[in-house]
Amino acid sequence: MLIAADKFKGSLTAVQVAERVTAGLRRVVPDLTVEALPVADGGDGTVDAAVAAGFERREVRVAGPLGEEVTAAFALRGWTAVVEMAEASGLQRLPAGVFAPLTASTYGSGELLRAALDAGARTIVFGVGGSATTDGGAGMLSALGARFLNEGGEPLSPGGGGLADLARADLSGLDPRLSSVELVLASDVDNPLTGPKGAPAVYGPQKGASPDDVETLDAALAHFAKVLEAEAGPRAAEYAASPGAGAAGGIGYGALLLGARFRPGIEVMLDVLGFAPALERASLVITGEGSLDEQTLHGKAPAGVAAAARAAGKEVVAVCGRLALPTEALERAGIRQAYPLTSVEPDVARCIAEAGPILEDVAERIARDRLV
């Protein structure tokens, strides 16, 4: 039995999901062999998933999205580091109810990458998602040695809004170690930097951006890419239009400028976490996340787990808080059946507040259906 589930956002971490499912299964089959491999798709929870898989957790002090100092973590095993931009620049780093769509910066994410370099990493998996920022990765690049100046030769103010004043970009001071590191951009979104499907238009409102802010940010990021084209050549324009450039407020664009290779986040994480050998040992796979919906089908962790398991001829079921997919869609994704918390407790508020005990009851139901 392999449990490879993502977090139930706002209720349970991926590790807690695995613990609760294991407890419920063992109520029915006490001696059941269970292997837990918490997964993530590059967004928040990615470092925790790596640590649960045996990576060492490293903590450093970096700048949060508003410039305040925060303690952020990355994961290290051998020469491979897993860096999660949300640890430094995520929405969870903002005070409750506070948004800063024009001024939030990814500077701390650059500091995290630098810490991974300092730790000797030769491969860095850069998981991006859940950001509070829309600065095109300018803050991250600044932390790594780039300079972005206005007409007066002064550094720009932080955030995407400040990019409108960019007159000159200088990438010559970038950390030289970056040229000898394999940098993998791991994301579950493939948006370009700007335009109707770009970072400001699609994700800006989630970060508190008004329609006027979205327009301002889109123009500022387009200007950013134009100025960088003068510094870095045509590739800067090509990267702006590339899949993944718009990930996490455009930090994907900054990562591509550093030479990153874009890959779907769940594919990268399954490789890093050692999913294939665990799958070989499994007779049944349980995946899941808080909400199984249309977004799940587009690169989220459960879809990636199910695709890999189906290719290996393994049966997959899913647990979730809320189920918003018809049976046919689940089957097309490779999921035989989904077990939502609401099948045990119809009250959604209770499902959120008491997710752990209810998930154990759901897992008990799975054991009776599949194992007895």
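Q: Buried means under 20% relative accessible area, exposed over 50% and partly exposed in between, with a 1.4 Å probe and protein chains only. Which of these is Val285?
A: Val285 has 0% relative accessibility, so it counts as buried. The model is predicted, so local features need pLDDT of at least 70 and side-chain atom pairs count only at pLDDT 80 or more, while totals for chains, interfaces and linings use all residues. Residues are numbered from 1 along each chain as its sequence is written, and side-chain values use heavy atoms, with hydrogens and water left out.

Q: Where does Val285 sit, and what does it touch?
A: Val285 is in strand β11; helices (H or I, at least four residues) and strands (E, at least two) are DSSP runs numbered from the N terminus. Leaving out residues up to four places away in sequence, Val285 touches Leu2, Leu279, Val305, Ala309, Lys314, Glu315, Val316 and Val317, where contact means heavy atoms within 4.5 Å.

Q: What about Arg20, where is that?
A: Arg20 lies in helix α1, residues 14–28, and is partly exposed at a relative accessible area of 30%. Its contacts, again without residues up to four places away in sequence, are Gly356, Pro357, Leu359, Glu360 and Ala363. From Arg20 to Glu360 the C-alpha distance is 5.2 Å, although the two are 340 residues apart in sequence.

Q: Switching to rings. How many aromatic pairs are there?
A: There are 2 aromatic pairs. Rings of Phe, Tyr and Trp (its six-membered ring) pair if their centres lie within 6.5 Å; planes under 30 degrees apart are stacked, over 60 edge-to-face and the rest tilted. In the pair Phe148 and Phe224 the centres are 5.5 Å apart and the planes at 70°, so it is edge-to-face. Phe148 is in strand β7 (residues 147–149) and Phe224 in helix α7 (residues 211–232), 76 residues apart.

Q: And the other pair, which residues?
A: Phe224 and Tyr253, also edge-to-face, at 5.9 Å centre to centre and 75° between the planes. Tyr253 is in helix α9 (residues 247–257) and Phe224 in helix α7, so this pair ties together parts that are 29 residues apart in sequence. Phe148, Phe224 and Tyr253 form one aromatic cluster.

Q: Which charge sits over the face of Trp79?
A: Arg122, at 3.9 Å from the ring centre. The test is NZ of Lys or CZ of Arg within 6 Å of the ring centre and within 35 degrees of the ring normal.

Q: Last topic, the largest pocket. What lines it?
A: It has 30 lining residues, and the closest to its centre are Lys9, Gly130, Asp188, Gln295 and Lys300. On a 1 Å grid over the protein atoms alone, a pocket is an open set of points where a 1.4 Å probe fits, with protein on both sides within 12 Å along at least five of seven lines; lining residues have an atom within 4 Å of a point. Elements giving two or more residues to the lining are α6 (199–203), α9 and β11 (284–292).
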